[in-house]
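Student: Could we go through this structure together, a piece at a time? I'd like to start with the packing and then move on to other things.

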Amino acid sequence: MAKLIYSAIASLDLYVEDAEGRFDWAAPDEEVHAFVNELERPIGTYLYGRRMYETMAYWETAADPSPVSQEYANIWKAADKVVYSRSLEAVTTTRTRLERDFTAESVQQLKDSSPTDLSIGGAELAGQALKAGLVDELHLLLNPVIVGAGKHALPNNLQANLTLLNEHRFPTGVIHLHYTLRP
């Protein structure tokens with residue numbers, strides 16, 4: 001069975017975007033981006049909500065001169081994508097399908113049938129998966145910034161037991177924490 005992995009780049013106070021909806025403070029430098037590439041390389045399918053999909057669709061046509069960014073674009077384009085949205089009329093990227101409803105049963109079926117791990121992106125969709133007990137691992141990349149308000153990386157009223165699998169500290173002050181969720 002494949003694992004469902006939630007990865008988030010967040011502020012130290014666990015926001016993925018600030019009160020104005022910005023997340024420019026979370027842009028990874030080359031070293032952090034290369035690390036993220038290695039985390040994402042084994043992912044076969046990304047699960048997104050509409051807003052995260054619209055943000056990530058950038059990678060379909062990204063022409064960033066950075067080799068690390070181009071590598072990420074290639075990793076992203078090679079994976080399948082499932083977008084859960086009732087408002088999106090159509091998807092615009094390859095290897096992407098649109099689903100109207102997110103259900104625990106359909107995600108569990110994906111996990112059961114996938115030969116590769118799955119990633120869930122977007123705090124709201126990931127929150128649903130966390131509350132449904134579907135997420136197996138959590139990667140948090142904490143940035144040395146406090147934004148004070150915005151969109152939480154983790155849902156309110158979530159209780160979970162975690163086991164720390166790994167941590168990595170970057171010279172810029174970014175810290176990667178890798179957890180598994182225990183029953």
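This is a predicted model: local features need pLDDT of at least 70, side-chain atom pairs count only at pLDDT 80 or more; totals for chains, interfaces and linings use all residues.

Student: OK, helix 5 then. Which of its residues are buried?

Tutor: Helix 5 covers residues 104-113, and its buried residues are V107, L110 and K111. Viewed down the helix axis, these residues fall within an arc of 100 degrees, so they line one face of helix 5.

Student: And what do the buried residues of helix 5 pack against?

Tutor: They pack against strand 1 (4-11), strand 3 (43-49), strand 4 (80-84), strand 5 (96-99) and strand 6 (117-121).

Student: Which exposed residues sit on the face turned away from that buried side?

Tutor: That face of helix 5 carries E105, Q109 and S113, which are exposed.

Student: Switching to D18: where is it, and is it buried or exposed?

Tutor: D18 lies in strand 2, which spans residues 15-18, and D18 is buried because its relative accessible area is 7%, where the cut-off for buried is under 20%.

Student: What is D18 in contact with, leaving aside its neighbours within four places in sequence?

Tutor: With those neighbours left aside, D18 is in contact with W25, V147, A149 and G150. Within that local stretch, a polar atom of the D18 side chain lies 3.0 Å from the backbone nitrogen of E20.

Student: Now Q70. Which helix is it in, and how does its accessibility count?

Tutor: Q70 lies in helix 4, residues 67-78, and with a relative accessibility of 25% Q70 counts as partly exposed.

Student: What does the side chain of Q70 reach?

Tutor: The side chain of Q70 reaches the backbone oxygen of A62 at 3.3 Å. Leaving aside neighbours within four places in sequence, Q70 is in contact with A62, A63 and D64, while its C-alpha atom is separated by 8.6 Å from that of W59, 11 residues apart along the chain.

Student: Last topic, the largest pocket. What volume does it have, and how many residues line it?

Tutor: The largest pocket has a volume of about 1,300 Å³ and is lined by 44 residues, of which M52, T55, M56, G121 and G122 lie nearest its centre.

Student: Which helix gives the most to that lining, and how do the lining residues divide?

Tutor: Helix 2, residues 50-56, gives the most to the lining of the largest pocket, with 5 residues, and the lining as a whole divides into 22 nonpolar, 11 polar and 11 charged residues.

Notes
Residues are numbered from 1 along each chain as its sequence is written. Side-chain values use heavy atoms; hydrogens and water are left out. Buried means under 20% relative accessible area, exposed over 50%, partly exposed in between (1.4 Å probe, protein chains only). Helices (H or I, at least four residues) and strands (E, at least two) are DSSP runs, numbered from the N terminus. The arc is that of the directions from the helix axis to the C-beta atoms. Contact means heavy atoms within 4.5 Å. A polar contact is a pair of N or O atoms within 3.5 Å; within protein, one must be able to donate a hydrogen and the other to accept it, and residues adjacent in sequence count only if both atoms are side-chain atoms. On a 1 Å grid over the protein atoms alone, a cavity is a set of points where a 1.4 Å probe fits but cannot get out, and a pocket is an open set with protein on both sides within 12 Å along at least five of seven lines; lining residues have an atom within 4 Å of a point. Grid points are joined across faces, edges and corners, and a volume is the space filled by probe spheres set on the points. Ala, Val, Leu, Ile, Met, Phe, Trp, Tyr, Cys and Pro count as nonpolar, Asp, Glu, Lys and Arg as charged, and the others, Gly among them, as polar.
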